[in-house]
Amino acid sequence: MAIKSFQGFRKAIKKEYDAPILVEDYMCKKLVTFTPDQSILEVMEKFAKHHISGGPVLDENGFLVGIISEADCMKQISESRYFNQPILDKSVERFMTKNVETIPHDTSIFDAAGIFVQHNRRRLPVLKDDILVGQISRKDIVIAALKLSGHNWK
(Lines give C-alpha, C1' and ligand atoms only; values in the text may rest on other atoms or scores of the structure.)
Protein backbone atom coordinates (compact mmCIF):
# COMPACT_ATOMS: atom_id res chain seq x y z
CA MET A 1 0.00 0.00 0.00
CA ALA A 2 1.35 3.44 -0.98
CA ILE A 3 1.83 6.16 1.59
CA LYS A 4 0.17 9.47 0.85
CA SER A 5 1.46 12.80 1.98
CA PHE A 6 -1.04 15.12 3.57
CA GLN A 7 1.27 18.12 3.67
CA GLY A 8 -0.30 19.61 0.55
CA PHE A 9 1.29 21.49 -2.33
CA ARG A 10 4.64 23.07 -1.57
CA LYS A 11 5.56 26.33 -3.20
CA ALA A 12 8.80 26.14 -5.15
CA ILE A 13 11.53 28.27 -3.65
CA LYS A 14 12.92 30.64 -6.23
CA LYS A 15 16.54 31.58 -5.70
CA GLU A 16 17.49 35.19 -6.25
CA TYR A 17 21.07 35.96 -7.23
CA ASP A 18 22.73 39.23 -6.40
CA ALA A 19 25.75 38.45 -8.53
CA PRO A 20 27.18 41.43 -10.38
CA ILE A 21 26.51 41.19 -14.10
CA LEU A 22 27.22 44.72 -15.35
CA VAL A 23 30.22 46.01 -17.24
CA GLU A 24 30.96 48.47 -14.42
CA ASP A 25 31.43 45.53 -12.04
CA TYR A 26 34.29 44.06 -14.07
CA MET A 27 35.86 46.97 -15.95
CA CYS A 28 39.32 48.33 -15.28
CA LYS A 29 39.01 51.71 -13.57
CA LYS A 30 42.67 52.71 -13.30
CA LEU A 31 43.64 53.44 -16.88
CA VAL A 32 46.84 54.50 -18.58
CA THR A 33 45.66 57.33 -20.80
CA PHE A 34 47.28 59.29 -23.59
CA THR A 35 46.94 62.74 -25.17
CA PRO A 36 46.67 63.58 -28.88
CA ASP A 37 49.92 65.57 -28.85
CA GLN A 38 51.94 62.84 -27.13
CA SER A 39 54.64 61.20 -29.25
CA ILE A 40 54.13 57.70 -30.58
CA LEU A 41 57.48 56.76 -29.02
CA GLU A 42 56.17 57.70 -25.57
CA VAL A 43 53.10 55.56 -26.21
CA MET A 44 55.20 52.54 -27.15
CA GLU A 45 57.31 53.03 -24.01
CA LYS A 46 54.16 53.14 -21.83
CA PHE A 47 52.82 50.02 -23.53
CA ALA A 48 56.02 48.19 -22.64
CA LYS A 49 56.27 49.65 -19.12
CA HIS A 50 52.66 48.91 -18.11
CA HIS A 51 52.27 45.67 -20.10
CA ILE A 52 49.24 46.97 -22.00
CA SER A 53 48.28 46.83 -25.66
CA GLY A 54 46.23 50.02 -25.94
CA GLY A 55 44.49 52.83 -24.17
CA PRO A 56 42.14 55.80 -24.48
CA VAL A 57 43.25 59.18 -25.80
CA LEU A 58 41.82 62.14 -23.86
CA ASP A 59 41.77 65.84 -24.72
CA GLU A 60 42.83 68.58 -22.28
CA ASN A 61 39.32 68.52 -20.72
CA GLY A 62 39.42 64.76 -20.11
CA PHE A 63 36.98 63.82 -22.89
CA LEU A 64 37.55 60.75 -25.01
CA VAL A 65 38.79 61.71 -28.50
CA GLY A 66 40.31 58.43 -29.65
CA ILE A 67 42.01 55.18 -28.80
CA ILE A 68 45.57 54.09 -29.53
CA SER A 69 46.68 50.48 -29.79
CA GLU A 70 49.69 48.38 -30.67
CA ALA A 71 48.18 47.94 -34.13
CA ASP A 72 48.22 51.72 -34.59
CA CYS A 73 51.88 51.78 -33.55
CA MET A 74 52.60 49.09 -36.15
CA LYS A 75 51.58 51.63 -38.81
CA GLN A 76 54.35 53.96 -37.60
CA ILE A 77 56.92 51.18 -37.45
CA SER A 78 55.99 49.95 -40.93
CA GLU A 79 56.02 53.47 -42.37
CA SER A 80 59.45 54.22 -40.93
CA ARG A 81 60.92 51.13 -42.57
CA TYR A 82 59.26 51.86 -45.91
CA PHE A 83 60.84 55.32 -46.02
CA ASN A 84 64.12 53.95 -44.56
CA GLN A 85 63.96 56.34 -41.62
CA PRO A 86 64.14 55.83 -37.87
CA ILE A 87 60.87 55.88 -35.98
CA LEU A 88 60.01 59.55 -35.93
CA ASP A 89 58.56 61.47 -33.03
CA LYS A 90 55.09 61.80 -34.56
CA SER A 91 52.01 62.52 -32.48
CA VAL A 92 49.36 60.07 -31.31
CA GLU A 93 46.69 62.09 -33.13
CA ARG A 94 48.09 60.95 -36.49
CA PHE A 95 47.76 57.23 -35.72
CA MET A 96 44.91 56.89 -33.18
CA THR A 97 41.48 55.58 -34.06
CA LYS A 98 39.13 58.56 -33.87
CA ASN A 99 35.73 56.92 -34.32
CA VAL A 100 35.79 55.02 -31.06
CA GLU A 101 33.18 52.43 -30.25
CA THR A 102 32.21 52.74 -26.59
CA ILE A 103 29.97 50.87 -24.21
CA PRO A 104 27.68 52.23 -21.45
CA HIS A 105 28.63 51.39 -17.86
CA ASP A 106 25.30 49.69 -17.16
CA THR A 107 25.47 47.16 -20.02
CA SER A 108 25.29 43.52 -18.94
CA ILE A 109 28.35 41.37 -19.55
CA PHE A 110 26.22 39.17 -21.81
CA ASP A 111 25.39 42.09 -24.09
CA ALA A 112 29.01 43.23 -23.91
CA ALA A 113 30.14 39.79 -25.10
CA GLY A 114 27.83 40.16 -28.09
CA ILE A 115 29.29 43.58 -28.87
CA PHE A 116 32.83 42.17 -28.74
CA VAL A 117 31.85 39.36 -31.13
CA GLN A 118 30.02 41.70 -33.49
CA HIS A 119 32.71 44.42 -33.67
CA ASN A 120 35.84 42.28 -33.22
CA ARG A 121 37.46 44.65 -30.69
CA ARG A 122 39.92 43.79 -27.92
CA ARG A 123 38.84 46.56 -25.57
CA LEU A 124 36.06 49.12 -25.27
CA PRO A 125 36.07 52.39 -23.33
CA VAL A 126 33.24 52.53 -20.78
CA LEU A 127 31.23 55.75 -20.55
CA LYS A 128 28.83 57.09 -17.96
CA ASP A 129 27.04 60.29 -19.00
CA ASP A 130 29.62 60.76 -21.81
CA ILE A 131 32.49 60.66 -19.29
CA LEU A 132 35.17 57.94 -19.45
CA VAL A 133 34.89 55.82 -16.29
CA GLY A 134 36.83 52.71 -17.31
CA GLN A 135 37.66 50.17 -19.94
CA ILE A 136 36.43 46.63 -20.46
CA SER A 137 38.34 43.99 -22.37
CA ARG A 138 37.48 40.59 -23.76
CA LYS A 139 39.54 39.09 -20.96
CA ASP A 140 37.40 40.91 -18.36
CA ILE A 141 34.26 39.38 -19.90
CA VAL A 142 35.80 35.89 -19.78
CA ILE A 143 36.72 36.37 -16.10
CA ALA A 144 33.17 37.57 -15.35
CA ALA A 145 31.71 34.53 -17.08
CA LEU A 146 33.91 32.23 -15.00
CA LYS A 147 32.76 33.90 -11.79
CA LEU A 148 29.13 33.54 -12.85
CA SER A 149 29.38 30.01 -14.25
CA GLY A 150 27.35 28.50 -11.40
CA HIS A 151 24.36 30.81 -11.90
CA ASN A 152 21.35 30.35 -14.14
CA TRP A 153 20.00 33.47 -15.82
CA LYS A 154 16.56 33.89 -17.32
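Contact here means heavy atoms within 4.5 Å. On that basis, E70 touches F47, I52, S53 and R122, leaving out residues up to four places away in sequence.

A word on the model. It is predicted, so local features need pLDDT of at least 70 and side-chain atom pairs count only at pLDDT 80 or more, while totals for chains, interfaces and linings use all residues. Residues are numbered from 1 along each chain as its sequence is written, and side-chain values use heavy atoms, without hydrogens and water.

Back to E70. It lies in helix α3, residues 70–82. Helices are DSSP runs of H or I, at least four residues; strands are runs of E, at least two; both are numbered from the N terminus. E70 is partly exposed, at 36% relative accessibility. The scale: buried is under 20% relative accessible area, exposed is over 50%, partly exposed is in between, with a 1.4 Å probe and protein chains only.

Now R123, in strand β4. R123 is buried but has no salt bridge; E70, the nearest side chain of opposite charge, is 6.1 Å away. Lys and Arg count as positive, Asp and Glu as negative; His and chain ends are not counted. A salt bridge needs a Lys or Arg side-chain nitrogen within 4 Å of an Asp or Glu carboxyl oxygen.

So where is the salt bridge that the search of the whole structure finds? Between the side chains of R121 and E101, 3.1 Å from N to O. R121 sits in the loop between α5 and β4, E101 in the loop between α4 and β3. R121 is partly exposed at 34%, and E101 is partly exposed at 26%.
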